[in-house]
Amino acid sequence: MPEPRESRAGQPPTLRDVAERAEVSAMTASRVLRDDPRVLPATRDRVRAAAAALGYRPNEVARSLRLGRGTGLVGLVVTNLANPFYSRLALGVDSVVAADGLKTVIGNTGQDLDGERDLVADLVARRVDGIIAVPAGSDHRHLAAAADGGVPVVLASRPPEGFDADCVLVDDFGGAREATARLLSRGHRRIGFLGSPPAVHTGTERLRGYTAAHADAGLPTDASLVRQGQTEPAAAEHAAAQLLALPDPPTALFCSNNRNTIGAFRAVRATGTDTALAGFDDFELADALGLPLTLVDYDSDELGRTAGRLLVERIRERRGESERQTEGVATYRRVVLPTGLVEYGS
């Protein structure tokens with residue numbers, strides 16, 4: 001019997017390293033680590049002790065692929081990890097997929113469509129079991145290609161464009177309409193709008209809700225009060241400052257997401273005006289800003305949990321573990337989460 005060799009410096013120990021240390025064959029070591037009951041107790045103890053001494057961890061990805069299963073990984077593609085919304089979304093996703101034995105790999109696109117295409121292609125090449133994506137724009141051909149290639153795809157916060165997929169959305173239109181209507185009911189007639197890029201579904205739907213609230217009140221919207229394209233507070237602060245510097249400035253601002261709301265708050269404080277604020281997305285410390293603030297609220301964790309449940313169901317279908325499909329025809333689901341208003345300040 002040759003002397004057992006230690007694993008190479010800087011390299012993780014292999015199954016062969018464990019087998020040599022325990023003085024058994026690699027096949028016997030593999031059986032022990034698969035909990036094969038046919039292995040003698042003394043041999044099992046020796047192999048497990050060798051594995052513990054070497055710090056050996058089995059390659060579950062390779063093992064799953066050999067057994068015809070997936071990698072046990074799901075990809076979560078988001079546009080802006082600096083936005084707390086995405087951390088809540090990720091926690092919701094992970095809480096569901098982890099219960100099914102899956103692990104979440106998060107990729108950030110920075111609102112860049114080319115980066116998103118590369119990221120999705122990389123996840124597919126790494127043979128993830130499924131993908132949950134918050135797309136950066138309306139071109140979803142790369143996601144359609146992934147789905148056509150057999151990778152289950154679920155969209156969160158955006159509906160699929162040009163292909164069929166499960167999705168979970170927020171009532172963007174209804175929430176924006178209700179918040180703008182609240183401002184109008186308080187006597188505001190010049191309400192500015194700060195929104196994300198026009199290509200983003202949530203931004204266009206929230207602008208549509210803002211416009212509908214004006215129409216409901218018999219009022220036109222003023223295009224000079226609309227600013228779109230801000231994805232970070234600094235840009236939103238600049239856009240809000242421009243609106244507040246107009247000869248006839250708005251008396252209120254509606255912001256289509258929390259990043260725009262934070263920027264608008266900074267501009268209002270800097271100018272010392274009493275401009276009213278309303279926005280989409282509740283956020284931490286919103287109650288401590290010290291001015292009246294109306295926010296459209298919804299459960300972002302539940303958005304992630306729902307997306308996770310939809311994906312897990314699709315993965316189970318792919319494994320043949322679900323009876324939800326009828327006669328081989330997939331029924332794609334579209335879930336819309338409700339919104340409500342919360343009020344801070346006096």
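Visitor: Which residue in β10 is the bridge partner of glycine 279?

Guide: Leucine 295 is the partner of glycine 279. This is a predicted model, so read each pairing as a prediction. That bridge belongs to a set of four that join strand β9 (residues 276-280) to β10. The two strands run parallel.

Visitor: In which sense do β10 and strand β12 pair?

Guide: They pair in the antiparallel sense, over five bridges. Strand β12 covers residues 340-344. For a residue to look at, take valine 296: its bridge partner in β12 is leucine 341. So β10 pairs with β9 through four bridges and with β12 through five, as strands count as paired from at least two bridges.

Visitor: How many residues of β10 are buried?

Guide: Four of its five residues. The strand, residues 293-297, is mostly covered.

Visitor: Now the rings. How many aromatic pairs does a search of the whole structure find?

Guide: Five. One of them joins phenylalanine 85 and tyrosine 298. Their centres are 6.3 Å apart, with 65° between the planes. Planes over 60 degrees apart count as edge-to-face, and this pair is edge-to-face.

Visitor: Which parts of the chain does that pair tie together?

Guide: Phenylalanine 85 lies in helix α5 (residues 84-99). Tyrosine 298 lies in the loop between β10 and α12 (300-319). The pair therefore ties together parts that are 213 residues apart in sequence.

Visitor: Are phenylalanine 85 and tyrosine 298 buried or exposed?

Guide: Buried means under 20% relative accessible area. Phenylalanine 85 has 10%, so it is buried. Tyrosine 298 has 13%, so it is buried too.

Visitor: Why is the pair of phenylalanine 280 and tyrosine 298 called tilted?

Guide: Because their planes lie at 50°. The ring centres are 6.0 Å apart. This pair also links distant parts of the chain: phenylalanine 280 is in strand β9, and tyrosine 298 is in the loop between β10 and α12, 18 residues away. Both residues are buried.

Visitor: Which residues do ring pairs link into a cluster?

Guide: Phe85, Tyr86, Phe280 and Tyr298.

Visitor: Which residue lies over the face of phenylalanine 280?

Guide: Arginine 206, at 3.6 Å from the ring centre. Another such contact involves arginine 208. Its charged end sits over the ring of phenylalanine 173, 4.0 Å from the centre.

Note on methods. Residues numbered from 1 in each chain as written. Predicted model: local features only at pLDDT ≥ 70, side-chain atom pairs only at ≥ 80, totals over all residues. Heavy atoms only, no water. Buried < 20%, exposed > 50% of the residue type's maximum accessible area, 1.4 Å probe, protein only. Phe/Tyr/Trp six-rings, centres within 6.5 Å; stacked < 30°, edge-to-face > 60°. Lys NZ or Arg CZ within 6 Å of the ring centre and 35° of its normal.
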